[in-house]
Amino acid sequence: MVLLSAEKGLKVQEIAEIVRESQATVLRWLKRYMAEGVEGLKDIPRAGRPGIVTDVYRADLVEAVRRRPRSLGQPYSLWTLHRLADYMAEQTGIRVSHETVRRTLRKEGIVLSRPQHTISSPDPEYKVKKRRSKKHETS
């Protein structure tokens with residue numbers, strides 16, 4: 001809206017049509033920009049329930065995800081978001097969804113990928129047999 005006004009010299013009504021907002025909304029944003037500059041374009045805090053993920057929880061989560069689950073006494077060898085949420089609930093008493101765990105890790109620059117399951121065998125002929133069975137599947 002600000003760029004359309006400043007660079008294109010468009011009027012409030014024209015901007016409102018382009019961005020599909022009311023003229024009052026366009027005018028409010030332009031006034032905020034004129035009064036406060038770029039800082040005026042940031043969202044203001046809104047009322048609502050405060051988040052339950054504390055800095056301590058975040059640090060503990062990052063520490064846990066960087067360790068192997070078995071080294072923390074867990075019966076599995078790979079972390080999933082659900083497992084991390086359950087583990088952290090046991091350790092901290094704070095229950096959050098796996099999606100909250102994902103977002104929290106993402107803010108820390110950590111992305112868990114889905115475990116890739118592979119099947120292997122000690123049989124020396126396994127690869128040959130596997131290839132042969134795949135040929136039969138596609139035939």
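## Lining of the largest pocket

In this predicted model, the lining of the largest pocket comprises five charged, three polar and three nonpolar residues. The residues concerned are Arg49, Gly51, Ile52, Val53, Arg58, Arg95, Val96, Thr100, Arg103, Thr104 and Lys107. Helix H6, which spans residues 98–107, makes the greatest contribution to this lining, with four residues. The volume of the largest pocket is about 240 Å³.

## Salt bridges

Side chains of opposite charge can pair when their charged atoms come close. Across the whole structure, a search identifies seven salt bridges. One of the salt bridges joins aspartate 55 to arginine 58, with a distance of 2.9 Å between the closest N and O atoms. Both residues belong to helix H4 (residues 55–65), and because they lie three residues apart there, about one helical turn separates them.

## Packing of helices H2 and H3

Two packed helices are described by the angle between their axes and the distance between the axes. For helix H2 (residues 12–19) and helix H3 (residues 23–36), the axes come within 8 Å and cross at roughly 110°. H2 and H3 are therefore roughly perpendicular to each other, since angles of 65 to 115 degrees count as such.

On the H2 side, the contact is formed by Val12, Gln13, Ile15, Ala16 and Val19, which meet Gln23, Val26, Leu27 and Leu30 of H3. By class, seven of the residues in this contact are nonpolar and two are polar, while none is charged.

How values were computed. Residues are numbered from 1 along each chain as its sequence is written. This is a predicted model: local features need pLDDT of at least 70, side-chain atom pairs count only at pLDDT 80 or more; totals for chains, interfaces and linings use all residues. Side-chain values use heavy atoms; hydrogens and water are left out. On a 1 Å grid over the protein atoms alone, a cavity is a set of points where a 1.4 Å probe fits but cannot get out, and a pocket is an open set with protein on both sides within 12 Å along at least five of seven lines; lining residues have an atom within 4 Å of a point. Grid points are joined across faces, edges and corners, and a volume is the space filled by probe spheres set on the points. Helices (H or I, at least four residues) and strands (E, at least two) are DSSP runs, numbered from the N terminus. Ala, Val, Leu, Ile, Met, Phe, Trp, Tyr, Cys and Pro count as nonpolar, Asp, Glu, Lys and Arg as charged, and the others, Gly among them, as polar. Axes are lines fitted to C-alpha atoms, for helices over the stretch in contact, and angles run from 0 to 180 degrees between N-to-C directions. Angles under 35 degrees count as roughly parallel, over 145 as roughly antiparallel, 65 to 115 as roughly perpendicular and the rest as oblique. Contact means heavy atoms within 4.5 Å. A salt bridge is a side-chain nitrogen of Lys or Arg within 4 Å of a carboxyl oxygen of Asp or Glu.
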